[in-house]
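Here are my notes from a first pass through this one. Have the viewer open while you read.

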Amino acid sequence: MRFKKCLIALLYIWMLLGCVGIVWLVGYLAGKGPGGEQTREEIQEQESGKEDGNHVPASPSDWEDGAGDKPGSGTGPGPESGARPDESQEADLADDQDRRSDWQGRRGTGDKKDSFPEPEDAAPYIPPTLMLASDLHYMSRGTHDGGEAFWWMMTHDDGKVSIYSEEMLDALVEDTIRTRPSALVLAGDITLNGERINHQGLAGKLQKVQDAGIPVLVIPGNHDINNHNAATYFGGQRQPTEYLEGAEAFLEIYHEFGYDQALSRDEASLSYVYGLDETHWMMMLDSCQYEDYNHVSGRIRPETLAWMEEQLELARAQQIMVMPVAHHNLLSESRMYKTECTMENHQEVIRLLEQYELPLYISGHLHAQRVKKHKETPGVAEDAYGISEIVLSPYSIPPCQYGYMEWQEDGAFSFETRQADVAGLAAARGMEDPFLLNFPEEATKFMKGMIQDQVKQTVHSVPEDLKQRMIRLYAEVYYDYCAGYSMDWDSVEHTSGYTLWQRVDPGNKYVGEMREMVADVQSDHRNWHWEPAQESEGAGDAEGEELRQQTVPETEAAPADGREVEEMTEADSLE
């Protein structure tokens with residue numbers, strides 16, 4: 001009986017020891033798994049590995065908990081310093097990036113619940129930059145031979161240097177790649193007259209920009225779709241050629257340039273929203289009318305207005321700045337070009353954009369560089385809110401400018417015009433054409449000469465030397481007008497050229513046009529700056545008054561680079 005009791009006690013002891021062993025084994029295995037505690041030997045081995053440069057990076061889950069160094073972040077060795085994560089860690093990193101991309105794609109729906117906090121050691125935020133160009137009116141060499149028909153077309157145009165359209169576009173592409181903006185934005189009239197061959201050639205050149213990692217955002221202008229003036233020019237013949245017949249044809253060629261990457265696309269037009277980053281959207285608007293033929297005037301369709309409001313509401317809820325871009329003008333920008341430039345329903349569009357307090361709208365179409373702020377009524381204070389418009393000068397007409405826009409970390413942003421380096425491109429390619437090697441001077445001379453020849457046809461019964469003074473004055477004013485340089489009427493009125501106009505033909509249309517051009521450009525239109533809203537001191541209500549917008553135009557008394565309107569001298573006098 002005593003032996004039996006001992007045997008039972010021994011069995012209990014074995015069972016107890018077995019339980020202890022199982023507990024120890026489970027603990028040991030858990031210490032080897034992810035997130036488990038490490039043994040002293042393992043810790044020592046890992047510390048030794050760090051000193052030898054063989055430290056294994058922490059897993060992606062450790063980055064979010066702040067427990068490890070993210071590869072390539074600058075706080076640990078990472079891949080950039082030679083350490084390579086194993087395959088499982090690469091897969092985890094890819095999954096993390098996929099989740100971030102998925103959140104980026106849902107920004108347009110207002111769903112941010114899966115956003116991931118950035119690690120403390122992430123690279124500093126860099127605000128976006130833009131290069132903007134309009135009215136390229138690109139003409140490939142496949143559409144002309146530089147012969148009689150081509151030269152007749154070009155010399156009866158408004159100053160485009162179409163003979164060098166290829167080199168001008170190549171220079172813009174090279175400038176973009178060298179500058180590396182967040183995006184290159186093209187605001188319509190990207191081809192001469194909508195020729196399919198020109199669209200295809202342009203898309204091929206723009207692909208080089210995207211291949212360099214720089215997005216290109218495109219919208220059509222009134223010249224680009226269903227344009228029955230599409231033509232080729234060979235010898236003495238102008239021949240009709242194939243054009244894009246509708247929106248689908250345009251999209252077929254340019255879907256890679258903004259449309260495929262859009263956060264949202266309007267079903268009623270070629271409008272779309274593109275995200276520059278998490279706080280800046282580009283609203284690329286199709287303002288053109290091409291259903292039956294290419295109308296010169298533009299308007300925003302009712303369905304597009306409804307889509308715009310939806311996108312603006314989403315952006316406001318997420319505190320995203322929206323930058324609208326369209327081909328046609330929002331405001332009445334010109335005394336000389338009074339029709340078909342401002343959108344037909346511009347008042348409706350203004351109300352919508354100002355409802356969401358957008359600071360700026362960008363357009364082209366006018367063929368003149370402009371900056372203007374909307375005022376609801378005369379006499380409104382200068383610092384009162386009103387949307388501003390920047391009209392981009394035509395890249396196809398000297399001085400062949402494009403726009404450059406840069407945001408600051410506090411939300412402020414600035415605009416300035418720049419000129420593409422066509423001469424530098426020609427020199428780098430070993431070209432020997434003196435026109436290209438001295439492009440700024442030669443292109444300006446060419447454009448002014450073309451305008452002078454057109455004006456000259458209206459001046460009669462005047463000696464040739466006096467006629468040259470008259471037409472030269474008009475060409476100077478026209479050039480400065482298109483470029484956005486400041487002018488004042490006194491400097492024009494007191495030239496010998498204007499005195500001759502007054503004495504010989506005061507009723508000539510070009511005399512009136514000079515007055516209108518100078519009146520439009522009383523200050524420099526090539527620079528613009530905006531500051532975000534700030535609370536004014538001594539606000540009377542609970543929320544305070546806001547100084548919502550500041551425009552800081554840079555003015556100059558007269559250009560200082562040889563563009564001065566000639567001063568009347570005693571030798572110029574008729575007396």
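**Notes on the fold and a few local spots**

1. Take the contacts in the protein between residues at least 6 apart in sequence: 71% of them join residues at least 24 apart, where contact means heavy atoms within 4.5 Å. Keep in mind that this is a predicted model, with local features needing pLDDT of at least 70, side-chain atom pairs counting only at pLDDT 80 or more, and totals for chains, interfaces and linings using all residues. Residues are numbered from 1 along each chain as its sequence is written, and side-chain values use heavy atoms, with hydrogens and water left out.

2. Overall, the protein has 17 helices and 17 strands (DSSP runs numbered from the N terminus: H or I of at least four residues for helices, E of at least two for strands). Of its 575 residues, 49% are buried, meaning under 20% relative accessible area with a 1.4 Å probe, protein chains only.

3. Now the pair I'd look at: helix 13 (residues 439-456) packs on helix 14 (residues 464-483) at about 120 degrees, axes 8 Å apart. Axes here are lines fitted to C-alpha atoms over the stretch in contact, and angles run from 0 to 180 degrees between N-to-C directions. That angle makes helix 13 oblique to helix 14 (under 35 degrees is roughly parallel, over 145 roughly antiparallel, 65 to 115 roughly perpendicular, the rest oblique).

4. Helix 14 is largely enclosed by the rest of the structure, because 16 of its 20 residues are buried. Just after helix 14, G484 has a positive phi of about 85 degrees.

5. N193 sits in the loop between strand 2 (183-187) and helix 7 (196-211). At 13% relative accessibility, N193 counts as buried. Leaving aside neighbours within four places in sequence, N193 contacts H223, N227, N229 and A230. N193 and Y138 are 55 residues apart in sequence, with 8.8 Å between their C-alpha atoms.

6. Last one: Q311, in helix 9 (residues 302-317). Is Q311 buried or exposed? Buried, at 5% relative accessibility. Beyond neighbours within four places in sequence, Q311 is in contact with S264, V273, W281 and M283.

Technical notes: Buried means under 20% relative accessible area, exposed over 50%, partly exposed in between (1.4 Å probe, protein chains only).
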